[in-house]
Amino acid sequence: MSLLWRSSLRYLLRHPWQFGLAVVGVALGVAVVVSIGLANASARRAFTLSSEAVTGKATHQVVGGPAGIPDTAFRRLELEGGIEKAAPVVEGWVAVPEKPGSPARTLHLLGVDPFSEGPFRSYLGGAAGGSRQGQTSIDLGPLLTRPGACVLAAGTAREMGLRPGEAFTVRAEGAGRRLVLAGTLEPEDANTRRAIADLLVMDIASAQEILNRIGRIDRIDLILDEGKAGQRALARAAAALPPGAQILPAAGRTRTIEEMTRAFRLNLTALSLLALVCGAFLIYNTMTFSVVQRRQWIGTLRALGVSRREIFGLVLGEALAVAVLGTGLGLGAGVLLGRGLVRLVTQTINDLYFAVSVRELAVPPSTLALGAILGLGATLLAALVPAVEATQAPPRAALLRSTLEARLRRSLPRTALLGVVLLAGGGALLLPRSLAVSFAGLFAVILGCALLAPVATVLLMWLLRRPLGALLGVLGRMAAGGVVASLSRTAVAIAALVIAVSVTVGIGVMIDSFRQTVVRWLEMTLQSDVYVTAPTRSGGLGGAALDPRLVQRAIALPGVAGGHTIRRVAIPSPSGPIRLVVMGGDPRSIEKLYEFKEGNPARIWPELWSGDAVLVSEPYASRTGAGAGSTVRLRTEQGDRDFRVTGVFYDYASDQGVVLMSRPTYQRHWNDPSISGFALDLTPGADPDRVVERLRATIGAERALAIQSNRSLKKISLEIFDRTFLITSVLRLLAGLVAFIGVLSSLMALQLERARELGVLRANGMTPGQVWQLVTSQTGLMGLAAGLLSLPVGLTLAAVMIYVINRRSFGWTIRMELSPRVLLEALLLALAAALLAGLYPAYKMARTSPALALREE
Amino acid sequence: MIRNWIGLLLSGLILLACREQPSLPHASLSVAGALRTSSDQGYAKALAPREFHFPADHGPHPEFRTEWWYYTGNLATAEGRRFGFQLTFFRSALAPTAPERASAWATRQAWLAHFTVSDVAGKRFHSFERWSRGAVGLAGAQGEPFRVWVKDWTAEGAPVFPMRLRAAEGETAVDLLLQEGKPPVLQGERGLSRKGAEPGDASYYYSLTRMPTSGTVRVDGQSFTVTGDSWMDREWSTSSLGRDQVGWDWLALQLSDGWDVMLYRLRRADGSADPTSSGTLIAPDGSSRPLHLADFQLEGSGEWRSPRSGARYPARWRVRVPGEEVDLDVRPLLADQELDVSFRYWEGAVSIEGTHHGRPVRGQGYVELTGYAAPPRRQVR
């Protein structure tokens, strides 16, 4: 037995390229899966930790409408509602500018009432907590009586170079504010330390002043008992609160916010799995090749009495060696890669969903274990077919290759049929609405395409044979004929390459289509000339507000013809916050900005301006099932109200979707005169840049407003788009890398294996130059075949991702765009790798004397 | 009366558990431990006797650092089931002055309230605590009409008497009406009560020693109609305890012959009584006579050991005022009347037997014992 393994080892050692590249293929696949897993887990963990830190032990939260809850609500809750455990919170975000030695950062400002905190946030210490060993208490006097006094985590203060008593400046709500560090927090356990690293704790009074929220609180945290007593308390609390406020379970808030990113995370995971699938195909290719290559040797072994089981074990054992090596490397590389990816993932989450900052990569063993299982599993699974194949070698040495090839060609129709079946099955799996099932369908489609690749290769070669003959003479025909003649090796290689390349095509086409759709949408939706917005954190749920009187002053400026206002607010609801967009001002300035998917535009607008009607965006409609004719329930300041949906409009600003309402309707139900921004239409011939300057000079000076021309806003929007898709592009690049290595390794192995054949040709008088030509044209041909076949497969993948996966994940319609650049890139990738793969074997063959090559075996 | 140590904790004393820390001091926002020693500067001080004006002086004196409204009382149902109660409101300034602020939550006043019920028959002692800031109507005090409140625990007058006390937490509650009894008694030297040798180590202190009380007490969800007598202490100061004082024993006694006795002994670290320890004897007509340390004897005996803190408290007292022929045996109605709140202390209802002017008397009252459990150490920085 040891002899068997030793011969196997020698085989591996004699083909270092083949197996080395297979190891790299597995490693890359595993690394991508692991790194995406780690990045997702880290972002999620950071979010959970920080939201737990902010929520504390609250069981319920009282939340209000756009303007929050009036100060008085807390007193009524405590004094009239008799709720003992209640803590008011004012929260927001402040930006700490960069200074030497400490980078810019965003801090979560948490304004609390220290007297109510006791049962809630343990790291803030409780009223009854007293001071523990090694802890000094914060001087509550200055914290409460000195405006701008704040508390930071000790580590954060150190990073910012601050000592207690020192002042520093932050930007909050667009204005510079001076804060004083009154003390630092150093919780004992590491989780809490991490969770509060970005927390800036203040007394609620200072927080109201810094965030410009005088008279209003953002929420009231409650701890209510379970059971009947809790139900009674809940009823008392509800009775004491104003009608605009509602009480929601605290766990729901974290959960619904986390739900928002679920589709995003699932998509990333699926894309990373695609990379692993590429890797698995590579393994399949390598192992099949090694079996085919050693068919004679295996036959001899069988004749010598080695059992089928032993042969099976041998092939799987070799695969296992590749798997273990590749997976081990992949895990290490995954952790390294994860460090880079976590920043990209976090950036996207910040742009699209909510602010979260990840200071470090969490490496949960479960993610690593999953990566290891996937790596080992995919490799062994890929090696299973070749291993079975190996056991079927008859126990005699003299089986002719030609028999094998003939048998394979006979089985082509069967393989193709199986491919068609898989395609049909995959297509069927795309029909149910479940995202996970859709992804299964996507993978089935990929596998089906892979099985169709050999037939397609034969067809393609048959088609190319004549033109190649005309172009390169005998060598051309030999090259094309050779691909078909050794189909047992080439078919698998081409199939693997097609899959790898098509993944990059699919992702590339999807991103391009999405981007083009967004560009078109921006053209339509950003038709005003100048935009003024309150500075707000990216991806924020509104919040920041402008004085509506600014609009009058802006419209009075020369060159301004009119415009519209916009107010973005989040209305809390039991199923998570509903984003409400309120449009006000000149209807002519607004109506041209929307294109409808559902509803009659002639009726939509009059109804929207007059009655209790709303529009919903496409993602909102597909997420909630709302559509023209249905209603949306919103908690107004007078309690719950149902609003009629009159239309569904295209929108790509938020995958959570928005509800659009007219200003008059909004003001009937909410007492909130403020606006988030406004857009100005200029008189014909007016220079937008001049108007922007004038605006900056008149109103911009008072508060740091973002004043932008149409052009720069479009530019910024696309920058954000590109930033959010950076992670996807990186995944595409990694899949491309796997593909490249796949092409390189399989073709190089193929050609190296032909040493003897080429030796014969050399002995028969072929010049080294002709060998070069034959080898490179054959690899080039295979590269071309892989590249060409990957285009339809890639476009199929893109179509599935655009019309099924994206639609289901984010709910928007994307128009598929065929960008020649992406297609050309795919061809170039395949060709370049193929030609590169031919270089070394051609060089080696051309230099080796024919006699030596013939003697080799 | 001296509930100073709570006032001290509120106004500045801190239990610094750690040694000198060269690095950044880390901390918690713990309210109880957090109110740090700060200088007396900027606050008014009790330096000399002053004129008292009622009902204005029932209201707050924010220019002083600390202030309290301290109600205790003994109650019983018609069937004779006995209850004791304590409802106290403490105000403590966090700073002598504060800038104008835009936010209504801004304040320089911190409030604390304690509420206890001693259920003698049920052998249960219930104690609760509440903190609040003195802003947005959560806690505060006013003279006319009289009102002091921390959240929904309140004492309010219409405009002064009767005073209605209301407090509830879980299944424990009181709702009591206090009638005007004896007039206010100015303690110490015309209301100036000295607590230490330094000038300013004193408070302004008056008491309403006997207010006929009726209402309801609820324990374990069951309501009882009760009557009895309550006692209120009002005190405000900026600095009061002397440096070497570790605690005190304080007694408020209502005798069956209509006389009331207030006594406190300030205990020093060496076990001796501080010379400023004193008391007052109040006649049925409300007239009073100050007692100095030499005028009375207060002997503790027995011992009750707290299962929570391990602290050992005296469990019985003998009170003698030889000049007034007072000789009283004071016993707790329940052994365990230790408050399990931010600061542990014993404050409970007591019963009295003894003689006054040669005749046997009975009585009831309240005793406060501090400095037995983890005595507050004062560390001036």
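Begin with chain A as a whole: residues 24 or more positions apart account for 84% of its contacts that have a separation of 6 or more. The model on display is predicted. Chain A holds 30 helices and 22 strands. Of its 857 residues, 51% are buried.

**Domains of chain A**

Next, colour chain A by its domain assignment, which gives domain 1 (1-57 + 255-399), domain 2 (66-243) and domain 3 (535-704). Select domain 1 of chain A together with domain 2 of chain A; their centres, taken over C-alpha atoms, are separated by 46 Å. How many residues does the contact take from domain 1 of chain A and from domain 2 of chain A? Domain 1 of chain A supplies ten residues, and domain 2 of chain A supplies 18 residues. On the side of domain 1 of chain A that touches domain 2 of chain A, there are four nonpolar, three polar and three charged residues.

**Nonpolar cores**

Select Leu109(A), Cys150(A) and Leu200(A), the residues with the most contacts inside the largest nonpolar core, which has 159 residues. Centre the view on Leu200(A). Which residues is Leu200(A) in contact with, leaving aside its neighbours within four places in sequence? They are Val94(A), Leu107(A), His108(A), Leu109(A), Leu110(A), Cys150(A) and Leu152(A). Another core, of 148 residues, lies apart from this one; to find it, select Ala319(A), Ala323(A), Ala450(A) and Met748(A), which are among its members.

**Helix H18 of chain A**

Select residues 487-525 of chain A, which form helix H18. The 39 residues of this helix, at 1.5 Å a residue, should span 57 Å; the C-alpha atoms at its ends are 54 Å apart, in agreement with that expectation. Is H18(A) largely enclosed by the rest of the structure, or largely open? H18(A) is largely enclosed, because 29 of its 39 residues are buried.

**Chain B**

Move to chain B, where there are two helices and 26 strands. This chain has 381 residues, and buried residues make up 53% of them. Among the contacts in chain B between residues at least 6 apart in sequence, 59% join residues at least 24 apart.

**Thr88(B) in strand E3**

Select Thr88(B), which is found in strand E3 (residues 82-93) of chain B. Is Thr88(B) buried or exposed? Thr88(B) counts as buried, because it has 23 C-beta neighbours inside 10 Å, and 20 or more are required. If residues up to four places away in sequence are not counted, Thr88(B) touches Trp68(B), Trp69(B), Tyr70(B), Tyr71(B), Ala113(B) and His114(B).

**The E6 and E7 hairpin**

Strands E6 (139-142) and E7 (147-150) of chain B come next. E6(B) and E7(B) pair in the antiparallel sense over four bridges, and a hairpin of four residues joins E6(B) to E7(B). To see one of the pairings, select Ala141(B), whose bridge partner in E7(B) is Val148(B). Then select Pro145(B), which is found in the loop between E6 and E7 of chain B. A cis peptide bond joins Glu144(B) to Pro145(B), with omega about -10 degrees.

Two further residues deserve a stop in this part of the chain. Val136(B) is in the loop between strand E5 (124-133) and E6 of chain B. Its phi is near 40 degrees, a positive value in a residue other than glycine. Val136(B) is buried, since 25 other C-beta atoms lie within 10 Å. Lys151(B) is in the loop between E7 and strand E8 (153-157) of chain B. Although Lys151(B) is not a glycine, it has a positive phi of about 55 degrees. Lys151(B) is also buried, with 23 other C-beta atoms within 10 Å.

**A last stop at Pro55(B)**

Finally, select Phe54(B) and Pro55(B). Is the peptide bond from Phe54(B) to Pro55(B) cis or trans? The bond is cis, with omega near 10 degrees. Pro55(B) is in the loop between helix H2 (31-34) and strand E2 (66-76) of chain B.

Conventions:
Residues are numbered from 1 along each chain as its sequence is written. Chains are lettered from A and ligands numbered from 1 in the order in which they are written. This is a predicted model: local features need pLDDT of at least 70, side-chain atom pairs count only at pLDDT 80 or more; totals for chains, interfaces and linings use all residues. A residue is buried if 20 or more other C-beta atoms lie within 10 Å of its own, exposed if 12 or fewer, and partly exposed in between; C-beta atoms are placed from the backbone. Two residues are in contact if their C-beta atoms, placed from the backbone, lie within 7 Å. A nonpolar core is a set of buried Ala, Val, Leu, Ile, Met, Phe, Trp, Tyr and Cys residues joined through C-beta atoms within 7 Å. The expected span of a helix is 1.5 Å times one less than its number of residues. Two strands pair if DSSP finds at least two bridges between them. Domain bounds come from an automatic or database domain assignment. Ala, Val, Leu, Ile, Met, Phe, Trp, Tyr, Cys and Pro count as nonpolar, Asp, Glu, Lys and Arg as charged, and the others, Gly among them, as polar.
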